[in-house]
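My plan is to look things up piece by piece and jot down what I find.

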Amino acid sequence: MSFDYEPFDFLVEAGNWAIRLGSFLLLVVVLACLLSLQKHKTAGPRLVFSWIQRFLRDLMQVSFRRVGAIAQLTFRESVRRKALWVFGIFALLFMFGSWFLDDPNNRVDLQVKNYISFVLTAITWLILPVVILLSCWGLPEDIRNRSLHTVVTKPARKTEIVIGRVVGFGTLMTILVLIMGVAGFFWIDREVAHSLNTFSETLVEGGVEKSVAMVSGDDGVTVTVTVDEAPTVTTAASRSALRQESPEVYELAERARLKALNRFLVAKRPVYGILSFKGADGRPTEKGVNTGDVWEYRTYIEGGNQWRAIWDFENVGDESGSDSWLLESSFEAFRTHKGNDISKSLLLQYSLTRVRRRVFQDATGRMISAAVVRKAGDEAFEAHVDGQTVSVQPVSVSARAVEVRDNRYVLVSDPLVVVDMTEELRVPLSSFNISEFGENVTALKSEIDFYDQESGESKKLKLEDLINDQGELRIEVACLDSGQYLGMARRDLFIKLPSNRFVVGYSKAIFTVWLMLVLVVTLGVTSSCFLKGPIAMLLTFNFLIVGQGFRQFLEKIVGGEVDGGGPLESIIRIVRQINLTDDLPDTLFYNAVATIDEFLNQGLFIVQNIIPDFRNFRVAPYVANGFDVPWSQALAPSIGVTLAYLIPCLIVGYYSLSLRELEHK
Amino acid sequence: MDTNEAVIKIRNLSKSYRDFWGLEKVQALKSLSLDVHKGEIFGLLGPNGSGKTTTMKLLLGLLFPSSGEVTILGESANNVEKNERIGYLPEESYLYKFLNAEETLDFYGRLFNMTKAERHRRIDHYIDLVGLNHARHRQLKEYSKGMTRRIGLAQALINDPDLVLLDEPTTGLDPLGTRDMKDLILKLRDEGKTVVMCSHLLADVQNVCDRIAILYEGELKELGRVEDLLKEQGRTQLMTSRLDEAAITEVRQVLEKHGASVETVDHPTSTLEELFLKTVQESRDRPGRRFVPEDAPADASEEEESVEDVGPSDDSPADAAVESQAASNQESPDAD
């Protein structure tokens, strides 16, 4: 299936990147020309352009042999500086990590989550300090020792030195990631298998369905094999004893264990829809009910009335011929009363709906709000605009183009235009009790049996009939328990495609870690071209910390969403003890402060655009929660970010090495 | 070979070092102008801080001139293409200590885009040339200073350069190594290469350089051919076989007739370098030979019957010390 909620368009992103980089370089060139005019008079700009020409020529004449030589030297240097000792720490962590992670009382899926998060975090944070140290200290040390003198006095170009350094450190880092990644995979597999003491699986052998349940603990192993509702119980002191005493049962139990293992170690491929709500009055609403949480990740629908959570899935038409789809959901319950039976979970119902969304436009293409449109014939529509009646044509719009505002569906591009929404077909599915602390999986078969409330008859319908012309399917969720609430977020319901093997998702996560480390190495080498080792290390580390942990805060400051003004205003507020929400007096002084803050904010805007968004590399939660790493949301952006920094870093590194006197300390 | 073709042209070259605030801290070079011709050995002389190394680094583009122009092999000093034809031996051997001799030369060979076969051929040749065959697989951090200079020289020559820049080439070398280095410099000139060396060891420069420039506090004080600069125009030196006192008196009388006077009469002495090299050569030819002082106990020589004693002769005690040193060098070729 090739649909994504937020597709990552490389061409569009590359265009944005080129515009930003181009603008930045243009600014730098203009500044350089102005500065050179001051120093070299009219020859200055010519000098600047000769330097640009020189860079391009050096870039064209890059020799792979020289790059290889510098990369190999860098690699050897790193190895001989004992960089590989990090494996020792890694081995120690893995040898004793399970002491602190194993918790027999914990659910297996939660333990699996711990193991995977631990491995990915350990790999990232063990290699990060090593690559930051090596990449930031390499060149400054060479300059300090003057070893670089013997390189730059050979025909090695500065571009080759920068690329060679990045490739050298990158190779070392790749080896570290690969070895740790493979070791980590087998460690997870072993630990999860070890944690799997209790399981129950159904195996089909020779057309015979066998249910195999195993419970193992300190007091021995019990395997129950049920065939045709006739259970056979086998017990042994341990698994090895079971293997000797009943090899057939042991083999059966091992196959069942492997199946159970694959259930926990999996890479689910979800397809997410667009979430909106209908309120108690049946009208669209942006959010559900807030039951008191400060964190509004989930909002709730009330049970027993018209509250609905609605997911619109796009581009599902291609897959409508599949035998069956799986819908997976995990909702959070909020109870206002115990109900008839507190031990019984809440009742939920899905309804599949075919909807038609459209807007109207007149002959000139002007959008006309559906509120003023009326039907003039079977296919003809007319609207009253400015006291005149004009004929209008309906235009279909996708779910993506629509949002809810003021309890109406409106166009995202023009909220004044109301979207005409028609429910053409509605199929309520059987209700079921949800698992409040786990996943609910519902199979949607290609042919659906349902009870039509209007006609009072049971009917059959093909799934593809519920998909509209634009390949969209709407799924409505209702809570049937009156007075109880169910919490919903966009990712709480998804269409589950056939899962990938765990190794696929895990490899993608390791690849993303590798991409992040490539970016760190590139930044480290670049900063080491113009800074000394400790300062280069601080700068790279700051890039990492701000890009990962403070990016959102930075965006809020730049966007003016933080109360208290800019840095200068904040200082004044602190010193004068003025509340954040109080307006400052409208005086010349405070206006000047606001202007300076605005100027500083522009500086922050540049910083925001320079610091890479390391949040794109945070993919461990996907794998730890049993999901595949999605292309559009994680993999493509992380590839994009890494690639985006390579060329600017090369330019900065080249000019930093070329315009400085390597001998001058 | 056009010996007047200028390989290096320096015109009004000045270099000032500035502090953090951009204020001039020191002027290392003041309006230097000179040419180095193709196929000559050119020496830059001067005391410490005179601007020799600064000139060298300006030629290589490691420093940027404050004013003036430098052309090297017809290219600007900042042009990387010129490095294809240049070999540079820095003042200290700033090589990668974790590499061994082979790896070092292989690395620099790759920087010149040489094929693997070509690199192997040259590595063997230059390691042999600088006498490091026995230590080719040892990391440079285990090398003595002299050995490091030798491998430094090998890396400077790996590309068979047209122009060789040597910064204090004999520093750290023993007299044998110094002699080898000087021989090699002369050989390079014979092969038509241009050599620029800077040194404050005047004897080294005098022996090998065709032309020299003397710098002092960043200014050019002398420039010309060595023999022209050293020749004393108002005096004459005669060198004869050994004369007795009567003959010397007669010579004095003859000279006085011509209005000249004899300033000194003495037996000429050879240089310490010549004595050292002669002693080492003899030690190689006759391994058992050693110096025994006149007042040494008689049994000392009897205990080592195989050793051929050489009694004190006209040699001074200093000669004995030099010989002893030479002998120890023979035993341990790696030590300096």
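**Entry 1: confidence.** I started with pLDDT, which is the predictor's confidence in each residue, on a scale from 0 to 100. I need that because I'm looking at a predicted model. For chain B the average pLDDT comes out at 81, and 83% of the residues score at least 70.

I then noted two stretches of chain B with pLDDT below 50. One is residues 300-307, which has 6 contacts in the model beyond near neighbours in sequence. The other is residues 311-336, where I found 29 contacts of that kind. For the complex, I wrote down the predictor's ipTM of 0.76 and pTM of 0.80.

**Entry 2: chain B in outline.** I looked up the elements and got 11 helices and 12 strands for chain B. Of the 336 residues in chain B, 35% are buried. I also checked the contacts in chain B with a separation of 6 or more: 66% of them join residues 24 or more positions apart.

**Entry 3: a sheet in chain A.** Next I picked out an open sheet of 4 strands in chain A. Its order is β1-β2-β3-β4, and the pairing is antiparallel. Which strands sit at the edges? They are β1 (198-205) and β4 (230-236) of chain A, each of which pairs on one side only. From one strand to the next, the twist averages 20°.

I zoomed in on β2 (residues 208-217) and β3 (residues 220-227) of chain A, which pair in the antiparallel sense over 8 bridges. Here I could follow A:A213 across to A:T224 in β3(A), which stands opposite. Then I asked myself what lies across β1, β2, β3 and β4 of chain A. I found helix α9 (residues 247-264) of chain A there, running at about 105° to β1(A).

**Entry 4: where the chains touch.** I looked at how many residues are in contact between the chains: 24 of chain A with 23 of chain B. On the side of chain A that touches chain B, the elements giving two or more residues are α3 (64-80) and α6 (147-152) of chain A. The largest share, 8 residues, comes from α3(A). I sorted the residues of that side of chain A by type and got 6 nonpolar, 8 polar and 10 charged.

**Entry 5: two phi angles.** Last thing on my list was backbone angles. Most residues other than glycine have a negative phi, so I made a note of exceptions.

A:D386 is not a glycine, yet its phi is positive, at about 50°. I found A:D386 in the loop between β15 (381-385) and β16 (388-396) of chain A. Is A:D386 buried or exposed? It counts as exposed, because A:D386 has 5 C-beta neighbours inside 10 Å and the cut-off for exposed is 12 or fewer.

B:L73 is also no glycine, and I read a positive phi of about 55° for it. This residue lies in the loop between β4 (67-72) and β5 (75-76) of chain B. B:L73 has 19 C-beta neighbours inside 10 Å, so I put it down as partly exposed; buried would need 20 or more.

Note on methods. Residues are numbered from 1 along each chain as its sequence is written. Chains are lettered from A and ligands numbered from 1 in the order in which they are written. This is a predicted model: local features need pLDDT of at least 70, side-chain atom pairs count only at pLDDT 80 or more; totals for chains, interfaces and linings use all residues. Two strands pair if DSSP finds at least two bridges between them. Axes are lines fitted to C-alpha atoms, for helices over the stretch in contact, and angles run from 0 to 180 degrees between N-to-C directions. Two residues are in contact if their C-beta atoms, placed from the backbone, lie within 7 Å. Ala, Val, Leu, Ile, Met, Phe, Trp, Tyr, Cys and Pro count as nonpolar, Asp, Glu, Lys and Arg as charged, and the others, Gly among them, as polar.
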